[in-house]
Amino acid sequence: MTPPRRSARHPVRVAHLGLGAFHRAHQAWYTQLANDAGGDWGIAAFTGRSPEAARVLSAQDALYTLVERSADGDAPRTIEALSRVHDGAGRAAWRATIADPQVGVLTLTVTEAGYRPGASAAARVLDGLAARHAAGAGGIAVVSCDNLPRNGDVIRDAVLALAAPDAALATWIRTEVAFVSTMVDRITPATTDVDRAEVRRLTGWDDAAPVITEPFTEWVLAGTFPAGRPDWEAGGARFVADIEPFERRKLWLLNAGHSLLAYHGLLRGRTTVAEAVADPALRDELERLWAEQRVGLPFDDAAVEEALAALRDRFANARIEHRLAQIATDGSQKLGPRILDPLRARFAEGRPPGSAQAGVLGAWALHLATTEPGSVRDAGAGDLPARLRDARTPSDRAALVVAALAPDLTERTDLVALIADRIASLQGAHA
Ligand SMILES: NC(=O)c1ccc[n+]([C@@H]2O[C@H](COP(=O)([O-])OP(=O)(O)OC[C@H]3O[C@@H](n4cnc5c(N)ncnc54)[C@H](O)[C@@H]3O)[C@@H](O)[C@H]2O)c1
Ligand SMILES: O=P(O)(O)OC[C@@H](O)[C@@H](O)[C@H](O)[C@H](O)CO
């Protein structure tokens, strides 16, 4: 049976789109801590695609167990920050929530693919903002929490592009709506049946929607909140003027490292991040990548070393079963910020491409070429998997990858040649 709420349900003052595991491990946890410290901010969370999370959570009063899983043990707690959950397909509740003057914040976790031109997230944000404009409810902060650089700017530009035909609405958005960019960090894998059984044993509650996460967490935000916000500092969130250094540190070290482990690891028959970093060849390749990627990071050596030391421990936490197949999805959207941007930073300093950077791109090419047709989870990749399968030589495959991810770099013959070399040796190793 669902445990009773310890405190009264908080009034809804935050809306969220994308009711996945990460929202519940991160923004909802920060909001919980802000409420524990005396705040009164409830979240109305809307599913992005499948209604399943809303169905399961509504059946348990929007409560769920968050387990902080360290290398030594599990610390479960019930999170009460969600006041309501909704199937995002129902537009009336969405519009009414965003149009409510009590609601001052709209957070988003809609995956990298959710920001692709033509994806539905921007249209849904605009739909909500139009209702708020019509209701005269005043400004609101839209807070993107996906792994993209300048994520607030990206969603703002997409929303404004769609709003352009309605000049009054576009002007209102430009002047009253704040788009906040954030760096978010907390490794949170998809929950498994084994996790659900373990939570039942730990808590005695048959929670159908627990979330497992690591103890480490970080949230850095840049932007304004015209209608207030929870005191997320209670959980350690930091507000800064310039988000870019923090985004780069995280995307170029953690997320790039994850992509390396995913594509190389899957080719080597590994399943999870911890299994992959336990493989000496992959661990060496990861260290090489980090040495290449730290060029252009706006932090001194001590700060980079501190981040890397934490990452070595975090990745090695075998009790967090972070599946490489989950990380490997949507490479067409993830590899630009994770690998191509750092490569551009090296080129700007007159340096050659890094071998491990080229290796990630080569391993991705082979991942796409060797995954069974129809099983590739990357809507943005279009016909690239088929073209990679048909390509006759490593050089052809390398050229396809660079053309798809970085048309501005197709003239970098050194990069294309290095990726081709890495593809050739990977093909040799896995033939
Ligand atoms: N899981 C992590 O460790 C982690 C850490 C940092 C950041 N993130 C960010 O959070 C995102 C979600 O991660 P998660 O673990 O919650 O994944 P998840 O698979 O549990 O949830 C993904 C959510 O995104 C929604 N979504 C997908 N496409 C959408 C679209 N086009 N429009 C609207 N909603 C859409 C889905 O409905 C779902 O609610 C990641 O893609 C990443 O950008 C995740
Ligand atoms: O969540 P994605 O799909 O952007 O990427 C997969 C992982 O690299 C990512 O989720 C990390 O675990 C996360 O960014 C850690 O904070």
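## Before you start

This is a predicted model, so to speak: local features need pLDDT of at least 70, side-chain atom pairs count only at pLDDT 80 or more, and totals for chains, interfaces and linings use all residues. Residues are numbered from 1 along each chain as its sequence is written, while chains are lettered from A and ligands numbered from 1 in the order in which they are written.

## Two domains

The chain splits into domain 1 (12-242) and domain 2 (245-430), with bounds that come from an automatic or database domain assignment. Their C-alpha centres sit 28 Å apart. Where they touch, domain 1 puts in 20 residues and domain 2 puts in 22; a contact here means that two C-beta atoms, placed from the backbone, lie within 7 Å.

On the domain 1 side of that contact you'll find 11 nonpolar, three polar and six charged residues. For these classes, Ala, Val, Leu, Ile, Met, Phe, Trp, Tyr, Cys and Pro count as nonpolar, Asp, Glu, Lys and Arg as charged, and the others, Gly among them, as polar.

## The sheet

Eight strands make an open sheet with mixed pairing, in the order S5-S2-S1-S6-S7-S8-S10-S11. Strands S5 (82-86) and S11 (238-239) are at the edges with a single partner strand each, so one side of each has no neighbour in the sheet. Helices (H or I, at least four residues) and strands (E, at least two) are DSSP runs, numbered from the N terminus, and two strands pair if DSSP finds at least two bridges between them.

Take S8 (residues 177-185) and S10 (residues 218-222): they pair in the antiparallel sense over five bridges. Asp185 has Glu218 in S10 as its bridge partner. Helix H9 (residues 244-267) packs on the sheet, touching S8 and S10, and its direction makes about 40° with that of S8. Such angles run from 0 to 180 degrees between N-to-C directions, with axes fitted to C-alpha atoms, for helices over the stretch in contact.

## The two ligands

Which residues come nearest to ligand 1? Of the 26 around ligand 1, they are Gly20, Phe22, Gly48, Thr111 and Asp146; a residue counts as near if its C-beta atom, placed from the backbone, lies within 6 Å. Helix H1 (residues 21-25) gives the most to this shell, three residues.

Around ligand 2, the residues include Asp185, Arg186, Leu254 and His258. H9 supplies the largest share of that shell, three residues, and each domain provides at least three.
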